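Thanks for passing this one along.

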Amino acid sequence: QVQLVESGGGLVQPGGSLRLSCAASESIFSINVMGWYRQAPGKERELVARIISGGTTNYGESVKGRFTISRDNAKKRMYLQMNSLKPEDTAVYYCNAIQNGVWGSWGQGTQVTVSS
């Protein structure tokens, strides 16, 4: 089981940018689907973006045009570039992957706070 750890969160002003990174404990070449989720206080965890081997990506409606998901298998990392951030983007962000047919367990996540 590949373990994933998020980093890169922090405090940013509205309109700013941030790049989140997801580091894997071992090779991710064999993992077809990876994604970013987020959870704001009082709300359910929601899909932010998903990337499939071959390059296909999917984004939540609220982040389309602002966020970009990517992965670098050689570096064993996945990224989420977040631009034009809004206060509504404030949440704990998690990275995950489908392994053995299901999304893995959730880690600590990384806090993103968008505020002036």
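1. In which strand is R71 found? R71 sits in strand β7, residues 67-72; strands are DSSP runs of E with at least two residues, numbered from the N terminus. Please keep in mind that this is a predicted model, where local features need pLDDT of at least 70, side-chain atom pairs count only at pLDDT 80 or more, and totals for chains, interfaces and linings use all residues. Residues are numbered from 1 along each chain as its sequence is written, and side-chain values use heavy atoms, with hydrogens and water left out.

2. What lies by the polar atoms of the R71 side chain? The backbone oxygen of I28 is 2.9 Å from one polar atom of that side chain, and the backbone oxygen of I31 is 3.0 Å from a polar atom of the R71 side chain. Beyond neighbours within four places in sequence, R71 is in contact (heavy atoms within 4.5 Å) with residues including N32, M34, I51 and S53.

3. The structure holds 1 disulfide (cysteine sulfur atoms within 2.5 Å). This disulfide joins C22 to C95, with S to S at 2.1 Å. C22 belongs to strand β3 (residues 18-24) and C95 to strand β9 (residues 91-99), so the pair ties together parts 73 residues apart in sequence. C22 is buried at 1% relative accessible area, and C95 counts as buried at 3%.

Definitions and conventions. Helices (H or I, at least four residues) and strands (E, at least two) are DSSP runs, numbered from the N terminus. A polar contact is a pair of N or O atoms within 3.5 Å; within protein, one must be able to donate a hydrogen and the other to accept it, and residues adjacent in sequence count only if both atoms are side-chain atoms. Buried means under 20% relative accessible area, exposed over 50%, partly exposed in between (1.4 Å probe, protein chains only).
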